[in-house]
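Subject: Structure handover

Hello,

Here is the structure you are taking over. Please look through it before reading my notes below.

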Amino acid sequence: MSIVVAKTAGFCYGVKRAVNEVYDRALKKEEHIATLGKLIHNRQVVEDLEKMGVKAYDCVEDVPEGVRLVIRTHGVAKDVIEKIEKKNISYVDLTCPFVEKIHKIVKEYYEKGYKIVIIGDGNHPEVQGINGWCNNEGIIVYSCDEAILDKISEKRVCIVAQTTINRENFEQVIQFIKKTCQGAVVFDTICNATKDRQSETLHLAEESDIMIVVGGKESSNTRKLYEISRKRCPLTFHIETFEDLPQNINYKNKKIGITAGASTPSRIIEEVFTVMDEMTRNEQGMDFAQMIEESIKTLNTGDVVTGTVVEVRNNEVIVDLGFKSDGILAADQLTDDPYLKPSDIVKVGDQIDVFIVGVNDAEGKTVLSRKRLVAMENWKKIKEAYESKTILEGKVIQVVKGGVIALTEGNKVFIPARQASERFIQDLSTLLNANVKFRIIELDEKRKRVIGSVRSVLEEERKGLEEKFWASAEVGKEYTGTVKSVTAFGAFVDIGGVDGLVHISELSWSKIKHPSEIVKEGDVLTVYIKDINKETKKIALGYKKQEDNPWLVAQAKYNVGDVVSCKIVRMVPFGAFAEIIPNVDGLIHISQISDKRIGKPEDVLSIGQVVDAKITDLNWENKKISLSIKALIAPAAEAAEEAHEEAAEESIQEQE
Ligand code: SF4
């Protein structure tokens, strides 16, 4: 048995262009595609498109709002375009350019006053569309018919042909019309694709024992191929798919020719060829039904399958799915990283799980996505996290109206402003690029919308810390905390889940007017609990250190009898206070300022004056130090007197 497939079998230029365009748009799912009439006369393609949501409407009136309407290769009448535009329907005109050319001819000659004659099938949409460009006044003729001649009485006649009409038929009708209308303008508008296909079919049929014509039963050009073939090869069969192959025929040692109409997908032709080819090679004697069974396995959009990488190209990866055709995984469906090439990610022989985005049955192309699969897995994780209230981690990647977007597990999560923190955040851009922990609080499966809350996590964390704190808190315990706010009476410090107050008096050993002289918001301090009330949850904190207490410093340094250099800092009627070291003052009683009687301290001393004084008494308990300047003057006066007396005695002795 030998099998020859006609070179011209399958999609013509116009059909291929239209089918690819519709599949591409449908696969992208960016718009709702519909067709005006079935896209092509092929049941399998139409059904496949229907599965992808591409519905065919018979008339413009039935087309709903919001769809992108496709005008198929056959074209439509002028008034149909007007109706579409009047209804404000967005449309894609995929009329085959060869058909469009006929529309132009008809319109032009009709407007010049010619009578239009269309040689073709009056029931075919292409012919009806052409007639619509001469106000439906054209004469449609399929074969030589005497009655037609009566209608064509005008001298000015323009003749065009349906693109897929049988050439022999066309020429006969032209001769027939020219009998009465010799000046007719004739346009041979039979499409070359049709011409070549018919001519090849004729020759193939002449050389074959059995001819298989593949194509839709409604397809006019397929029916014509069948008619042409049958004239030369009586064993001609018109089938739609390999399942229609006649089973009671003896194919052994026969020459078989296969041809197909312009609307037959190459996949269907390949299937027919494969099944017949298998029959010739089947040494095991597998029967026909078994072979059909084997061939019938198909992939469906949405399936997840494991395939083997068979080729890695620059912009795509070819994956063997173990089915009829290989899958194509475009680079942008493999990864989001524009810097990675497919070869950086996979190599030939790798097993890879892929998501079936779409099966373009017409072209035998299976479009794959790895990203979609990853997205599905990620979505599953998000759903599980939502159901189990698990805390997720993500990075803030965008500030949007009313909140921020965080990316986690490949999913974008919207975090509303009020959920972005425990406290109001004036400028959300401060969160950009921050890593945040959040919990999913809302999930819309249908719209794939997820809402997260950072606040919920922070509140929970705070609660946990609070419980831990109160369980172990005790007076004297030290903490490292952060100043949360500063007020006139002190600073509030977060010591790990709870805030305590450091009173202004506890901030410094020196006298200060405002806590801000010592601390500011955000400062990290080491504090200790001075007082605690677990019932009212109030904590008083201490900050200044005992070892820095100036009275203790002074106590360690000074004793009664020591002479200190001190600065007069304050005058009172009964004496003057002098600073010995910062924050430690002693009193020089008025009686101890001079060895002479004085009215008031200012008579002898002034503020800021530095004097030497002797410590005459120390009372650390009551923080009292007594000083005396006089105590330093008296011994000096006594010494001078003694020296004076000694000198006088020496003088008397010399006179004697
Ligand atoms: S058969 Fe010719 S005219 Fe018709 S769609 Fe195909 S290419 Fe266009």
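Around the ligand

The shell around the ligand holds 9 nonpolar, 5 polar and no charged residues. Here Ala, Val, Leu, Ile, Met, Phe, Trp, Tyr, Cys and Pro count as nonpolar, Asp, Glu, Lys and Arg as charged, and the others, Gly among them, as polar. This is a predicted model: local features need pLDDT of at least 70, side-chain atom pairs count only at pLDDT 80 or more, and totals for chains, interfaces and linings use all residues. Residues are numbered from 1 along each chain as its sequence is written.

Of the 14 residues around the ligand, Cys-12, Gly-14, Cys-96, Thr-163 and Cys-191 come nearest (a residue is near if its C-beta atom, placed from the backbone, lies within 6 Å). H1 gives the largest share of the shell, 3 residues. Helices (DSSP runs of H or I, at least four residues) and strands (E, at least two) are numbered from the N terminus.

Helix H1

Gly-14, Val-15, Ala-18, Val-19, Val-22, Tyr-23 and Ala-26 of H1 are buried (20 or more other C-beta atoms within 10 Å of the residue's own C-beta, placed from the backbone). They cover an arc of only 145° around the axis, which puts them on the same side of H1; the arc is that of the directions from the helix axis to the C-beta atoms. Just after H1, Lys-29 has a positive phi of about 60°.

Strands

Strands S25 (residues 499-503) and S27 (residues 538-542) run parallel and are joined by 2 bridges (strands pair if DSSP finds at least two bridges between them). Leu-501 has Ala-540 in S27 as its bridge partner.

Regards

Definitions and conventions:
Buried ≥ 20, exposed ≤ 12 C-beta atoms within 10 Å, placed from the backbone.
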